[in-house]
Amino acid sequence: MTVEASTLADPHDWLRRKSRWSVFEIAFWAASLLPFFLFQTYLPLASQIAITALFAISVDLVLGYAGIITLGHAMFFGLGAYAAGLISKAGWGEPLTGLIFAGAFAGLVGYIASFIIVRVQHLALIMITLGLCFLTYELANSMSWLTGGTDGLQGVDTWPILGTFRFDLWGYAAYGYALAALFLGLVLSRRIVHSSFGLSLRGIRENMRRMPAIGADYRGHLQKIYTISAAIAGCAGALLTQTTDTVSLDTLSFQRSADVVVMLILGGTGRLYGAVIGAIIFMVARDQLAGMNPQYWYFWIGLLLMVVVLVMPKGILGGLAQLVGRRD
Amino acid sequence: MISQLAIVLFDGFAFGMLLFVLSVGLSVTLGLMNFINLAHGAFGMLGGYVAVTAMRGLGLPFLAALPAAFVAAAAISVLLERTLFRRLYRAGELNQVLFTIGVVFVATAMATYAFGTVQQVIQIPGWLRGSVEVAGLRLGTYRIFIIAVALAVTALLVFGLERTRLGARIRAAVDNQRVAQGLGLDVEKIFAVTFALGSGLAGLGGALAIEIVGLDPSFGFHYLVYVLIVVSVGGLGSVAGSFFGAALLGICDVAGKYFVPEIGSFLIYLLLVGILFVRPLGLFGRR
């Protein structure tokens, strides 16, 4: 029986088979526990990577799957970071509810913004996402009585996780917390992209005009995924606040939006783990090259970006998959 | 109050005209080739550094440095277009965006390597310094000069596009690449010429900008945002759109910073989002 025939026979079965956990994934998650034992000095970096990877996954959902080119997703990252910081400053430092609050807040803003996003395409879409991000940045900068302006938000105090795991100096709790959040975020995203909803997103990405013709409500789908993605990005921002106890204005910066898209392209779009791998490579490389002048570090990033786009348009994971001979 | 308003309008318009020279090239190339060239600002930066080098290293006068900036940016852009950019004409928008962002990263790093991160200073000739009094208002001479240059560029562009043979070819290629090709036009060559022209104008804009906004390696990124706003608000491929978009942006930016400095650039971004929400193709956009 051909694949197409079996698809017709039972589409849910086909989807379920596509979404089965592979041995690579299980090995990857096992390896993610290694920093606890082998690289304890790198635990703070590891939690930064986990947070950034979660952010990159949120961008992959809209950019890699739904084809919404966004250069302004740091907006939601920053909104989540500030929401978590402000609720903690207001006297409620409980991390899990803080995280949910931040995610819900970013998701709400994402839902409102999604009405604008679905209206535009191409260059205007890039400019709108960019414009919204700059708008939020300037707003946070000018409302310094609330956000601390360029000094950042000080005096955030996060309580122990579940009342027991205190955020320690070495970063055990922070890494465990960020890793757990990343894992949950990935499981959720996996569930989304391997559902019929995820399939229709890919349909929209491939041909937006054809989707209404087969009866798909593409605007509704895009709004939904944009909101979900904003909420996940907000959670990532909140994690950064809670693990570092500060919020700075650069959580909202264009640089952060651009960096995360670069990571995604390095790893490969539309494959979730591409976001994670890209974040690992980017963050480790930057950490190793931190002693160098950041301007020169961007020389290599720029060069790498040009090479990847020209030679491996599907990113590192896409290139590997092609080598192994597996198709998407 | 009235005179303040007039000065803000004048300064804003001058700044807008600077933005116009910097961005009109991108509007035409984007409209023509559908190529999202985020490296456009980097050509502006290149022009700026060429002008600085020409004046300080070679001792050229300012008025000779301006055409040098134009020629250098045009030449290097054609080199890049023929070797690299042309491979991406059929690629997706995202790949074009990322590739050209990569170019900006590399250009920024190279500028830092060659010139350091300090602001570059040039000596403009005496007759461009100072100000003149018109109807009781003191207007900066250099700003008047920028406005004059921009108006000359506009006139040349409009004349060139509407009245010359090359202009007719460019318009044909913009309207429909395939039909233009079918009629025997060498679209590739038209692309190359247009691309060189657009980037050359960016280089000229970069050289003009040094006196007003300064020049350092972040120029490519910083003014890229302004350039993109002008292009997307004005509408692709429209000289008039870029002109009005740039004037609007310049005046709003200067007025915002003058009257309500505490909210920074909030106003222009609000304007951008608002305009694109109502008119996704920009004020003068077709298609």
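A polar contact is a pair of N or O atoms within 3.5 Å, and within protein one must be able to donate a hydrogen and the other to accept it. The legends below describe a predicted model.

**View 1. Polar links between chain B and chain A.** By that rule, 1 residue pair is in polar contact across the interface of chain B and chain A, with both residues at pLDDT 80 or more. The count of salt bridges between the two chains is 0.

**View 2. The extent of the interface.** Here 42 residues of chain B are in contact with 37 residues of chain A. Together the chains bury about 3,600 Å². Carbon and sulfur atoms carry 84% of that area. On the chain B side, B:Leu98, B:Phe105 and B:Phe277 lose the most area to chain A. These three make up 18% of what that side buries.

**View 3. The chain B side that touches chain A.** Helices α4, α9 and α11 (266–278) of chain B each supply at least two residues of this side. The largest share comes from α4(B), with 16 residues. By class, the side holds 31 nonpolar, 8 polar and 3 charged residues.

**View 4. The second largest pocket.** Its space amounts to about 810 Å³. The lining has 26 residues. Closest to the pocket centre are A:Phe134, A:Phe254, B:Ser218, B:Phe221 and B:His222.

**View 5. Helices around the second largest pocket.** From chain A, α8 (122–142), α14 (254–267) and α16 (294–311) each give two or more residues to the lining. From chain B, α4 (93–115), α9 (219–234) and α10 (239–259) do likewise. The largest share of the lining, 5 residues, comes from α9(B). Sorted by class, the lining has 14 nonpolar, 8 polar and 4 charged residues.

How values were computed
Residues numbered from 1 in each chain as written. Chains lettered and ligands numbered in written order. Predicted model: local features only at pLDDT ≥ 70, side-chain atom pairs only at ≥ 80, totals over all residues. Heavy atoms only, no water. 1 Å grid on protein atoms, 1.4 Å probe; cavity = no way out; pocket = protein on both sides within 12 Å on 5 of 7 lines; lining within 4 Å. Points joined across faces, edges and corners; volume = space filled by probe spheres on them. Helix = DSSP H or I, 4+ residues; strand = E, 2+ residues; numbered from the N terminus. Nonpolar A, V, L, I, M, F, W, Y, C, P; charged D, E, K, R; others polar. Contact = heavy atoms within 4.5 Å. Buried area = accessible area lost by both parts, 1.4 Å probe. Salt bridge = Lys/Arg side-chain N within 4 Å of Asp/Glu carboxyl O. Polar contact = N/O pair within 3.5 Å; in protein donor to acceptor, adjacent residues only side chain to side chain.
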